[in-house]
Amino acid sequence: MSKPLGKILSEGKTKKVRETENSDVALLEFKDSITVLDGEKMDVLRGKAVINAHISAYFLEILEKKGVPTHYIEFVEPNMMKVKNLEMLPVEIVCRNIAAGHLVKNYPIKEGTLLNPPVVEFYLKDDARHDPMLNEDHFLILGLASRGEVKKIKEITLKTNRILSDALKAKGLTLVDFKIEVGRGTDGKIYVGDEINGDSMRIWEVGTDKILDKDVYRKGGTMEQVLNTYIQLYQKLLGKMPPIRGTKNE
Ligand SMILES: Nc1ncnc2c1ncn2[C@@H]1O[C@H](COP(=O)(O)OP(=O)(O)OP(=O)(O)O)[C@@H](O)[C@H]1O
Ligand SMILES: [Mg+2]
């Protein structure tokens with residue numbers, strides 16, 4: 001019999017944060033839910049938790065190896081990661097290599113335009129206010145982070161972008177854009193936290209521009225199409241079928 005899981009410290013729409021015996025360490029448990037529009041649209045996609053937990057661990061391990069400070073400690077079967085328990089900043093950091101999504105909706109720029117240098121954007125995590133965009137001054141007046149920390153966050157984001165872009169390119173995939181969240185460790189340093197997977201990235205197949213991420217759901221794809229997309233991304237990255245029911249690996 002496996003040990004019961006620790007109590008829930010916080011729960012969002014797609015993950016639970018659980019306590020462990022060590023207060024510096026948390027367990028991030030992925031859920032099968034999929035949401036867009038600040039949670040206005042939500043569905044359950046059986047198997048997504050396992051897929052997204054594995055893909056997140058895959059990318060966080062790559063980042064760690066290349067010297068990006070992340071919260072990742074180890075994978076815990078079947079759908080969890082042991083991580084540093086961070087004081088999360090209520091901020092989403094977006095980095096864009098190709099114009100898509102909000103950038104195209106809100107600015108006069110065509111989808112597919114190459115962005116060089118990459119565009120880094122900050123948003124306040126506040127569903128009721130629909131996540132307003134932040135600049136460096138906003139970080140200070142809202143007491144979110146110091147100027148030095150904002151500079152560090154941008155540096156970490158751009159390094160993460162280079163590493164993830166290269167890793168995906170090696171698999172025949174293009175990193176269009178991605179979102180990360182960061183937090184402070186007990187040492188006061190900034191770490192990449194949260195998740196990195198098809199929910200938080202736009203990934204297009206080189207040559208076909210086939211979408212391999214949550215955009216399939218955003219654009220109204222069926223649950224079968226959405227699940228197949230997550231399975232395909234897992235296969236392309238890890239070179240095998242994900243360990244979920246209903247697949248050949250059952
Ligand atoms: N290393 C960590 N230590 C502590 N909390 C973390 C860590 N990594 C991620 N979190 C937090 O886990 C929470 C749960 O994640 P989840 O993504 O489900 O929720 P959410 O971000 O509130 O909502 P959304 O569904 O819009 O993403 C988030 O508040 C996230 O900031
Ligand atoms: Mg989240």
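**Conventions.** I number residues from 1 along each chain as its sequence is written, and chains are lettered from A and ligands numbered from 1 in the order in which they are written. The model is predicted, and local features need pLDDT of at least 70, side-chain atom pairs count only at pLDDT 80 or more, and totals for chains, interfaces and linings use all residues.

**Domains.** I began with the domain assignment, which gives domain 1 (8-86 + 223-238) and domain 2 (87-205); such bounds come from an automatic or database domain assignment. The C-alpha centres of domain 1 and domain 2 lie 17 Å apart. I then looked up contacts (C-beta atoms, placed from the backbone, within 7 Å), and found that 24 residues of domain 1 are in contact with 27 residues of domain 2. On the side of domain 1 that touches domain 2, α1, β7 and α6 (223-238) each supply at least two residues, and the largest share, seven residues, comes from α1. Here helices (H or I, at least four residues) and strands (E, at least two) are DSSP runs, numbered from the N terminus. By class, this side of domain 1 has 12 nonpolar, six polar and six charged residues, where Ala, Val, Leu, Ile, Met, Phe, Trp, Tyr, Cys and Pro count as nonpolar, Asp, Glu, Lys and Arg as charged, and the others, Gly among them, as polar.

Leaving aside neighbours within four places in sequence, I203 is in contact with L168, L173, T174, L175, V176, G198, L212, D213 and L233.

**Sheet.** I next traced an open sheet of five strands, in the order β1-β2-β3-β7-β6, with antiparallel pairing; two strands pair if DSSP finds at least two bridges between them. The edge strands, each pairing on one side only, are β1 (8-11) and β6 (72-76), and the twist averages 25 degrees from one strand to the next. Helix α1 packs on the sheet, touching β3 (25-30), β6 and β7, and its direction makes about 150 degrees with that of β6; axes are lines fitted to C-alpha atoms, for helices over the stretch in contact, and angles run from 0 to 180 degrees between N-to-C directions.

V25 and K82 are 57 residues apart along the chain, yet their C-alpha atoms are separated by 6.9 Å. Not counting residues up to four places away in sequence, V25 touches T20, I73, K82, K84 and N85.

**Backbone details.** Which peptide bonds did I note as cis? The bond from E77 to P78 is cis, with omega near -5 degrees, and P78 lies in the loop between β6 and β7. Another cis peptide bond joins N116 and P117, with omega about 5 degrees, and P117 lies in strand β10 (residues 114-124).

Is D194 buried or exposed? This residue, which has a positive phi of about 55 degrees although it is not a glycine, is buried, with 23 other C-beta atoms within 10 Å, and lies in the loop between β13 and β14 (201-205). H130 has phi near 55 degrees, again positive in a residue other than glycine, but H130 counts as exposed, with 10 C-beta neighbours inside 10 Å.

Definitions and conventions
Contact = placed C-beta atoms within 7 Å. Buried ≥ 20, exposed ≤ 12 C-beta atoms within 10 Å, placed from the backbone.
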